[in-house]
Amino acid sequence: MSKFLRIGVHQSNVSGYTSKAWCVRRVGSTVFLKWGAVEVRGAGDGRKVYWTLTPRVKAIRCGTAERAKGYAKAAIARRRNHRYEPLAGPIAIRRKSAGRGAELEQALATILFVDIVRSTEKAARLGDSRWTLVMSHYYAAVRRELKTLRGKEVVTTGDGMLATFKAPVAAVRCATAIQEAVRTLGLEIRVGLHAGEYKVSGAEVVGLAFHIGARVAAKARGGEVLVSSAVKDLMSQSGIRFKDRGVHQLKGVPKRWRLYRVEP
């Protein structure tokens, strides 16, 4: 069975940060498709992927094995063209915890998105084995800074990470510390920060604030830490300097947002 994983915010999903997986399998003249939202935990060899909901399934009866082969080949090509990566390991079903049905609790935090600039290019140049080693050092460096500044890792995103902080000052300081730490690996990152409310139940987090944070990160240039006005407004007494980067329409997000670059 061919499996594919796409990590990131999907345009149709305005409720939060979601990853999606597809499975394509052919049996004789029938092609079986399975797809849905997934949760990604860890990185490299330790990465695990779980269905967050029961996946959708569909059987396509093509009449002949030859037609089924053509259909499966086209389905696989579409996944690759849509920025899915091949997934070798299994997709598990996470068991529901006893409190899963409980009402979601509201929380407020500063949300940090970090990812590597031109990661696909670098991975192609270095090759799988060297890139896996670089990524393990990268995640170790990111987690070290998170621990130092009391950030909470939520999920890894292929070549990046989503984390939350109680204090915006700690989030900004962590972002700049990560920049410095990964330079020794020959990596350049972009970081986006947003502050807002979201809902949490156990390990699950949901909210428009995550969607906004992802879009802020997408606006950041290489080597840049970009924050929304919501973050800057909370840091008037911090002593950290910002440069106005203008008002932006964030894709799929209501209203326009003023963004600021953190100055060294």
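**View 1. Helix H4, residues 168-183, in the predicted model.** Helix H4 has 16 residues and reaches 23 Å from its first C-alpha to its last, close to the 22 Å expected at 1.5 Å a residue. Its buried residues are Pro168, Ala170, Ala171, Val172, Cys174, Ala175, Ile178, Gln179, Ala181 and Val182. Of these, Cys174 counts as buried because its relative accessibility is 0%, which falls under the 20% cut-off.

**View 2. Helix H5, residues 208-219.** This helix has twelve residues, and the span from its first C-alpha to its last is 17 Å, close to the 16 Å expected at 1.5 Å a residue. Nine of the twelve residues are buried, so H5 is largely enclosed by the rest of the structure. The buried residues are Ala209, Phe210, His211, Ile212, Gly213, Ala214, Arg215, Val216 and Ala217.

**View 3. The largest nonpolar core, with Tyr138 and Leu193.** This core has 36 residues, and Tyr138 and Leu193 are those with the most contacts inside it. Two or more residues come from each of strand E8 (105-116), helix H3 (128-148), strand E10 (160-165), H4, strand E11 (189-201), strand E13 (225-228) and strand E15 (256-262). Beyond its neighbours within four places in sequence, Leu193 is in contact with residues including Ala171, Val172, Val216, Val225 and Val231. Another core, of 13 residues, lies apart from the largest one and has Val24, Leu33, Trp35 and Ala68 among its members.

**View 4. Cys23, a buried cysteine.** Cys23 counts as buried because its relative accessibility is 3%, again under the 20% cut-off. The structure holds zero disulfides.

Notes
Residues are numbered from 1 along each chain as its sequence is written. This is a predicted model: local features need pLDDT of at least 70, side-chain atom pairs count only at pLDDT 80 or more; totals for chains, interfaces and linings use all residues. Side-chain values use heavy atoms; hydrogens and water are left out. A disulfide is a pair of cysteine sulfur atoms within 2.5 Å. Buried means under 20% relative accessible area, exposed over 50%, partly exposed in between (1.4 Å probe, protein chains only). Helices (H or I, at least four residues) and strands (E, at least two) are DSSP runs, numbered from the N terminus. The expected span of a helix is 1.5 Å times one less than its number of residues. A nonpolar core is a set of buried Ala, Val, Leu, Ile, Met, Phe, Trp, Tyr and Cys residues joined through side-chain atoms within 4.5 Å. Contact means heavy atoms within 4.5 Å.
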